[in-house]
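Here is a short tour of the structure, written to be read with the model open beside you. Take your time and turn the view as you go.

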There are 2 protein chains.
Amino acid sequence: MYDVIIVGAGAAGLTAAIYTCRKKLKTAVISIDVGGQTNLTSHIENYPGTGPMHGIELMKRFQNEAIGFGAELIMGKANKADKIENGFRIGLANGEEYECKALILAYGKVPKSLGVEGEEKFMGRGVSTCVTCDAPLFKNRNVAIIGGGNSAVEGALELATFSKKVYLTHRRDSFRADEITVEKLKNNSKIELVLNSIPLKVIGDKNVEGIEVENVVTKEKRELKVDGIFIEIGYVVDTSFVQHLVKVNEKKEIIVDDRGNTSCAGIFAAGDITPVLFKQTVIAAGDGAKAALECYRWLTGGKGAVLDWTH
Amino acid sequence: MYDVIIVGAGAAGLTAAIYTCRKKLKTAVISIDVGGQTNLTSHIENYPGTGPMHGIELMKRFQNEAIGFGAELIMGKANKADKIENGFRIGLANGEEYECKALILAYGKVPKSLGVEGEEKFMGRGVSTCVTCDAPLFKNRNVAIIGGGNSAVEGALELATFSKKVYLTHRRDSFRADEITVEKLKNNSKIELVLNSIPLKVIGDKNVEGIEVENVVTKEKRELKVDGIFIEIGYVVDTSFVQHLVKVNEKKEIIVDDRGNTSCAGIFAAGDITPVLFKQTVIAAGDGAKAALECYRWLTGGKGAVLDWTH
């Protein structure tokens, strides 16, 4: 039996692991990947103290530190959680089961889909949700990327280093991304901005051949001839396997107080799986540390374990 | 006029500066020091992503990044804050004044004193609140350190690398510090633990000659013959110069919501100056980023600027 199982190995989960291990709690981290959404940022400049680097490199450092302090990493998809005497039992998609006294949920979000014709058919075969993973497959080819946040804008810049031409399709005419990044975008001659536009369908027979988009202002339709389509329109939470244990909000995010307590004593949450407004590596890391320290407090008989909704 | 003035240059303030500068907000950081309490930790191992290093080194990195993104650093003690049309005016102890549209308070805490005879007389001349700054002054001499948290325990270990003998005086018989650090302490032959004991007075004529302590269980008194005394019993907030603008709690900490909003629109706070339970560099950094992004939202007309006490 573990003292703590942490589900998720992004910035929040790995930081939580560093903290629980330093408190000498026997800790397992269960995750389908290592690094979470930070991996998707090719050039992270705003995590303080490290200087700019690839998100994957930063998350490898977090991983090495967590393992160095004693965390056990179990690769797999947690899809079952049950309350047992003195703790919780976590089931994995492969049938494995693990038990723990306390649980920290920090497995973030899954990419949102466009919901258009052809998207599902070509997912993983021309339609991708990970620029970092798949950009090199489209060297000297044409690609489209959908979205207007930091990930989309940074994704377009990363794609431009590989691809011949990059269409950035965004449903608005301004960007939520950092101004400093948007400027780089506008100065890149390989990138064509297709603004005020939404995708209608992915075109192709055996392979992706293009994407049809509609200008929401003029209602004009246009086909962008591309070999690859990257979807960067955000992420959704999937908390279905824990909703019988913890309260969630209307977005299905796990409700926490300012120390990571959920509505269930012994279950804590941090990072993008919670309603935190700003999705940033340093913020997830900070909240992961809070959840871990609150978890330690709870396991050692500290007060404040059950959610105090008033503070 | 600055877009943002950040008061304090510790982990919270410098991270806030990185974030406001990346949003192209004209940012000044006003502080009496650079690094804040992280400076006092000689070997910070739990800030994820950097590997172990001195707190001062880590904070220099934060500083370089903030300045690299455009932050202006103004050394001085802010002791006056007034609401003006379209913003705030900040006064410094040296008489200088600066104006800004939005204010982020992140100047943390000041060291708590013992309140015993002789302490004030020898402050800075044998009594110190900063192991890192003053430990080298006591090479091959005897010292006492008062406290039981991470700073005291880590301080004792650091002192032991310089001093002949280190007394660690703690009013309880167990430590709040990380187990991993407490073990190092117990294995260090230069360190004598004086537990269940409180200081009564600092002894000495021209120089510190010792400290009298009392065992709270046996009521026995004892004089520890030392040349230096380090106080590591925590910190207090001093929010007197902003209490006419923002709500504080019974500890005088500035009350914030989960995004750093204070009770005053346009003033944000983060780090140890807020009621955050856990005083950790990565937590202060995460909350500094939240306050900066919320500040940006507010300056650009986003919602949620005034404290929403219900969430």
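## Antiparallel strands in chain B

In this predicted model, strand 13 and strand 14 (residues 221-224) of chain B pair in the antiparallel sense, with four bridges between them. One bridge to look for sets B:Ile211 against its partner B:Leu224 in strand 14 of chain B. The two strands form a hairpin with five residues between them, and there B:Lys219 takes a positive phi near 65 degrees.

Strand 13 of chain B also pairs with strand 12 (residues 197-204) of chain B, again antiparallel, and seven bridges join these two. Here B:Lys201 stands opposite B:Glu212 of strand 13 of chain B. This pair is a hairpin too, with three residues between strand 12 and strand 13 of chain B. Six of the eight residues of strand 13 (residues 208-215) of chain B are buried, so this strand is largely enclosed by the rest of the structure.

## A parallel sheet in chain A

Strands of a sheet pair through backbone hydrogen bonds, in either a parallel or an antiparallel way. Over in chain A you will find an open sheet of five strands with parallel pairing, in the order 8-15-9-10-11. Its edge strands are strand 8 (127-128) and strand 11 (191-194) of chain A, each of which pairs on one side only.

Within this sheet, strand 9 (residues 142-146) and strand 10 (residues 165-169) of chain A run parallel and share five bridges.

## Two helices of chain A

Which residues of helix 6 (residues 179-186) of chain A are buried? They are A:Thr181, A:Val182 and A:Leu185. These residues lie on the same side of helix 6 of chain A because they cover an arc of only 100 degrees around the axis. They pack against helix 5 (150-160), strand 10 and strand 11 of chain A, together with helix 1 (11-22) of chain B.

Helix 5 of chain A is itself largely enclosed by the rest of the structure, because nine of its 11 residues are buried. Among them are A:Val153, A:Leu157 and A:Leu159, as well as A:Glu154 and A:Glu158.

## Where the chains meet

Chain B and chain A each give 40 residues to their contact. Between them they bury about 3600 Å², with 55% of that area on carbon and sulfur atoms. There are 10 salt bridges between chain B and chain A. One to look at joins A:Lys24 and B:Glu183, where the closest N and O atoms are 2.7 Å apart.

On the side of chain B that touches chain A, the elements giving two or more residues are helix 1, helix 2 (55-68), helix 6 (179-186) and helix 7 (281-299) of chain B. Helix 7 of chain B provides the largest share, with 11 residues.

## A closer look at B:Arg61

B:Arg61 lies in helix 2 of chain B. Is this residue buried or partly exposed? B:Arg61 counts as partly exposed because its relative accessibility is 25%.

Leaving aside neighbours within four places in sequence, B:Arg61 is in contact with B:Thr50 and B:Met53, and also with A:Gly49 and A:Thr50. A polar atom of the B:Arg61 side chain lies 2.7 Å from the backbone oxygen of A:Gly49.

Conventions: Residues are numbered from 1 along each chain as its sequence is written. Chains are lettered from A and ligands numbered from 1 in the order in which they are written. This is a predicted model: local features need pLDDT of at least 70, side-chain atom pairs count only at pLDDT 80 or more; totals for chains, interfaces and linings use all residues. Side-chain values use heavy atoms; hydrogens and water are left out. Two strands pair if DSSP finds at least two bridges between them. Buried means under 20% relative accessible area, exposed over 50%, partly exposed in between (1.4 Å probe, protein chains only). The arc is that of the directions from the helix axis to the C-beta atoms. Contact means heavy atoms within 4.5 Å. Buried area is the accessible area (1.4 Å probe) that two parts lose on being put together, summed over both. A salt bridge is a side-chain nitrogen of Lys or Arg within 4 Å of a carboxyl oxygen of Asp or Glu. A polar contact is a pair of N or O atoms within 3.5 Å; within protein, one must be able to donate a hydrogen and the other to accept it, and residues adjacent in sequence count only if both atoms are side-chain atoms.
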